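Dear colleague,

Please find below the structure I promised to pass on to you, with its sequence.

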There are 2 protein chains.
Amino acid sequence: MDELTGTKTSPSLRQEKRPILDHSLLLSDLYQLSMLEVYRAEQMNEIAVFELFVRKLPVRRGFLMAAGLEQLLEFLEGMSYRDEELDWLRSTGMFSAPFIDRLKDLRFTGDVDALPEGTIFFADEPVVRVTAPLPEAQLVETRLINLIHLQTVVASTAARMRLAAPGKQLIDFGFRRAHGAEAGLLAARASYLAGFDGSATVAAGRHFGIPIFGTMAHSFVQAHDDEAISFERFARARPKALTLLIDTYDTEQGARRVAELAPRLAADGIAVRAVRIDSGDLAAHARAVRSILDRAGLSEIKIMASGGLDETALLSLCSSGAPIDGFGVGTSLTTAAGAPALDCAYKLQEYAGRPRRKLSEGKATWPGRKQVYRRYRHDGAFQEDTVALLTEAIDGDPLLRPAMRGGRRVAGLPNLEGSRALAASQLQRLPEPHRALGFATYPVHMSRGLTDLANSMTCSMRQP
Amino acid sequence: MDELTGTKTSPSLRQEKRPILDHSLLLSDLYQLSMLEVYRAEQMNEIAVFELFVRKLPVRRGFLMAAGLEQLLEFLEGMSYRDEELDWLRSTGMFSAPFIDRLKDLRFTGDVDALPEGTIFFADEPVVRVTAPLPEAQLVETRLINLIHLQTVVASTAARMRLAAPGKQLIDFGFRRAHGAEAGLLAARASYLAGFDGSATVAAGRHFGIPIFGTMAHSFVQAHDDEAISFERFARARPKALTLLIDTYDTEQGARRVAELAPRLAADGIAVRAVRIDSGDLAAHARAVRSILDRAGLSEIKIMASGGLDETALLSLCSSGAPIDGFGVGTSLTTAAGAPALDCAYKLQEYAGRPRRKLSEGKATWPGRKQVYRRYRHDGAFQEDTVALLTEAIDGDPLLRPAMRGGRRVAGLPNLEGSRALAASQLQRLPEPHRALGFATYPVHMSRGLTDLANSMTCSMRQP
């Protein structure tokens, strides 16, 4: 990978995960605290089961890829109110003093079952199931959705880009237009998980051990009075994994300058690894630049493209055979601009041993504790899924796996590299219409037990 | 405001601003460090002028509202590498030891001029101008764009919602689907700045003094065996600013339960302030609910609506006269789903006293240090803007104002309430087609001096 472009952190330097996000419990909706106060007053402390699921796929998504579980577990493991937060809550007068005093001891003590990160999933399938005393299971809702939603929208976008550009290097360039720092950092993680090769974001290298890459900006070229001089100075000061940006003034002229410079640098042991094109008709420029470099005997110099790319552009560039070896993808990746939000919900499915159902128009839920079973074709491709009650015996591979028991994560959860390997294997097993980024409907069945339960509850609950 | 719904932090509790975001300098692109190393090696330390601007308005935006400056200034004032970050950088082997050692002393010492938060602006107009030694001005690029871009996309979205729903209460409900915690928190700030009345996000109350609001979730109703009992228990435990969610099973039935309950609560001094509807045909349900409540003599109970609302839905509900008093807006606000990203750039316009220009196809920049001058009609509405070189004498109100000098913020910058007042006044002065959320083109002229400079540079720089 590092032969193409940029600088890469060594795998030996990859750090173990560590909490770096702000997991303050005040990063939450006020109503969670209001409901908690009532639950405490009513001593409603029995076991609740909540499930996070997507009601409907976005228009431009034929499948989704689960991501963000690692950060969710980190949040749940460390969950508590800080003293200064409780002081502030007290100062607002919104809650009773005894209630706030008891918040100090609040921890998450429940169980989590979830789709492992990298798992492909569809509408109506539970992604995360939380089983915990009602106040805890309710209180975590806001941040739980926030963490899973963000990385899932980005991983789902990145997975489409990975499918659109097979064999090409893909680098996340999008921190600057991500929605804040946490989004930028987690987008680097989610895109790497889904198959990107790395990120330009330095902190993603430090915190997640993700390979990081960098080239140069137009301003570097502009700050010099002469483009050729800017290339040479950069090359001599930063000779490793050297990539030169050639479109500041005129792309083909930039390529000719590289062709002139490269032999002189080679004489001093410096190799130009790649050039980057960031504007204009990328396919046409890439062909022209490839030709200029090849005629100069520089076929080993790769071509990298960037600038407003989304999966449609990647698909078009790759299928047209444009001689581009790698892509820097920014805004459309880190803002998931094609589908920046999911119609997802975290809903109460059972309380105190009884299934629960919401009947709101267009938003009715599937009650009870559920599992997703996937069956495969003989070639390993996904064939169909069934969503069923936990109590049913259903053929297929159960997709939700234990992630946390009694507030502690279970042993043997995959690390980021493991999740990335799962994501790659999932993309290989995706049926062909979906691999081709089509929007064919994938068969997701609701089991007999589940439909019977839902129907019986609809009848009984509509009674006044 | 608090008579409608929810709980509100008292203005007396509003905190002064304090840094709460993670402003690590590693939350940046790797190439910034690479270029910095070269600039240091070349002793390229003269004054650079960079400007942030939007190349083109998104399809669904006729105007934009500047926001995020406060957080940018906070970042620039505190900017430095932490020891453990430098240790990590050293461990990667990507940079020379003397270079890393010198990073320890790096601070931002430059000037910032910017559109005050709440200012309405258009394409090609500088939003932020940074004047600083080249290495500093370059290094801040990634986080600078990230901070201004996020709040600007959200404020611009919120401003459209404010215009769509005049006189209605608007509350941010969208933390859960914002792209991470920072996005959720800053979206609460940007939407309040643009005219929202408050947010459901507790931390937004703590850190920015924004009024916070909360109702109840469907799960609260579901966890009880009986909807009427759930209403009564909530009311007695949380009697202040009481809002009941009535659509868990059947909206009109929920309203009748409120009608039955309200007199009994009133006898104990508890007032139901509002009901919330979150599903179905909101206008039709609101009319039916209004009628049920009015017939029961409960015309003082307000109706709040939520559920997948965007500015188009708000416009339609408000123009149809649906009896809805306030709206909770989530996903479409905090992800700015209609226009989640701006085609913006932070470009070098001058270095060492000489104007600079990038000529990349479709991305050529306007060179030189610039100011935006706005002229108004006799009724105060915006008439036209002119972007000009600082050295030109142009009629109109100069929009970019000093924000920082020598690395310290200037005195007298507006606080959040001041910016919110500016935003309200800007929306009032917006020309009518834009106020009606149309996409008429607003006249932005490039001055003669600017076009002459740009043309002369194009000719000279295209030379090989």
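In this model, which is predicted, strand 17 of chain A and strand 18 (residues 408-409) of chain A run antiparallel and are joined by two bridges. Across this pairing Met404(A) stands opposite Arg409(A), which belongs to strand 18 of chain A. The hairpin that these strands form has two residues between them, and Gly406(A) takes a positive phi there, near 60°. Strand 17 of chain A (residues 401-405) is also joined by three bridges to strand 3 of chain A (residues 111-114), and these two strands likewise run antiparallel; here Arg401(A) of strand 17 is the bridge partner of Ala114(A).

Turning to a helix of chain A, you will see that Glu311(A), Ala313(A), Leu314(A) and Leu317(A) are buried in helix 13, which covers residues 311-319. Seen down the axis of helix 13 of chain A, these buried residues fall within an arc of 155°, so they line one face of the helix. What they pack against, within chain A, is helix 6 (141-164), helix 12 (282-295) and strand 11 (326-329). After helix 13 of chain A comes Gly321(A), which has a positive phi, near 75°.

As for the contact between the chains, 90 residues from chain A and 90 residues from chain B take part in it. On the side of chain B that touches chain A, helix 1 of chain B (residues 30-42) gives the largest share, nine residues, and the residues of that side divide into 43 nonpolar, 28 polar and 19 charged.

With best wishes

Technical notes. Residues numbered from 1 in each chain as written. Chains lettered and ligands numbered in written order. Predicted model: local features only at pLDDT ≥ 70, side-chain atom pairs only at ≥ 80, totals over all residues. Contact = placed C-beta atoms within 7 Å. Helix = DSSP H or I, 4+ residues; strand = E, 2+ residues; numbered from the N terminus. Nonpolar A, V, L, I, M, F, W, Y, C, P; charged D, E, K, R; others polar. Buried ≥ 20, exposed ≤ 12 C-beta atoms within 10 Å, placed from the backbone. Arc of directions from axis to C-beta. Pairing = 2+ DSSP bridges.
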